[in-house]
Amino acid sequence: RFARLGSARRSGPVTGERETAGLTMRLIVEYVRQHLGDDSVTRMLDLAGEQRPLSVLEDEKVWSSYDQKIALFAAAASITGNPAVARSIGETVLRSSVGTSLRIALGVLGSPAMLLRTVARANGKFSTVGTMRAEDVTAGSGTVLADNPFLTARLPADEDHARPLRVVLDRRLCTPAGSHVLDGAAPTLVLHAAAASCGAHR
């Protein structure tokens, strides 16, 4: 979910409220084109009620409103038959030809935490009208056994946002019962093989 945190400084072409960077709109268009072709892109724009030319949506310098972005995401979900299309599009960012200079800049920051802390300052295409929160924090059983991490978010849960799900990839079910990830501070999902057994570690 996105929260409106105030208006952002205006720069570059704006065709509506300055809430969504052209980078996002172009990613949506590119994803649908690569998977379903140009005809599906046209159908998506019609379904979203988008009146602007395709060239405008593919211009990373053009800003759009929050509602225009949500309408395009919803249309993409309908066209692709994928209700989680927004996440699928996000997973293609590092392989995409969109925002190359931005990806290089963010890639040198070293960690997801540093990326999230600096993303708005790193590039003017990001506005301050949205919040980014982790849906889950994942670690393998080796990390749990060696470091006993908590895998919790630093910010406390609030009324609208639950703590991220902790996910442990533990094929043999070796996570000790006393591990921090099983302390009840946040929901935890341990993924293991159907016939998992780790003997003394259980």
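## Salt bridges in the model

A salt bridge is a side-chain nitrogen of Lys or Arg within 4 Å of a carboxyl oxygen of Asp or Glu. By this criterion, Asp136 and Arg87 form a salt bridge, with their closest N and O atoms 3.6 Å apart. This pair links distant parts of the chain, as Asp136 belongs to strand β1 and Arg87 to helix α5, 49 residues apart. Helices (H or I, at least four residues) and strands (E, at least two) are DSSP runs, numbered from the N terminus. The structure holds 8 salt bridges.

The model is predicted: local features need pLDDT of at least 70, side-chain atom pairs count only at pLDDT 80 or more, and totals for chains, interfaces and linings use all residues. Residues are numbered from 1 along each chain as its sequence is written, and side-chain values use heavy atoms, with hydrogens and water left out.

Accessibility is classed as buried (under 20% relative accessible area), exposed (over 50%) or partly exposed (in between), using a 1.4 Å probe and protein chains only. Glu135 is exposed at 58%, Arg87 is partly exposed at 46%, and Asp136 is partly exposed at 28%. Through shared partners, salt bridges join Arg87, Glu91, Glu135 and Asp136 into one network.

## The Glu60–Arg26 pair

The side chains of Glu60 and Arg26 form a salt bridge with an N to O distance of 2.6 Å. Glu60 lies in the loop between α3 (54-57) and α4 (66-80), and Arg26 in helix α1 (residues 22-36), so the bridge ties together parts 34 residues apart in sequence. Glu60 is buried, with a relative accessibility of 16%, whereas Arg26 is partly exposed at 24%.

## Packing of α1 against α2

The axes of α1 and helix α2 (residues 38-47) come within 7 Å and cross at roughly 135 degrees. Axes are lines fitted to C-alpha atoms, for helices over the stretch in contact, and angles run from 0 to 180 degrees between N-to-C directions. The two helices are therefore oblique, a class left for angles that are not roughly parallel (under 35 degrees), roughly antiparallel (over 145) or roughly perpendicular (65 to 115).

Contact (heavy atoms within 4.5 Å) involves Ile28, Val29, Val32, Arg33 and Leu36 of α1, together with Asp38, Ser40, Val41 and Met44 of α2.
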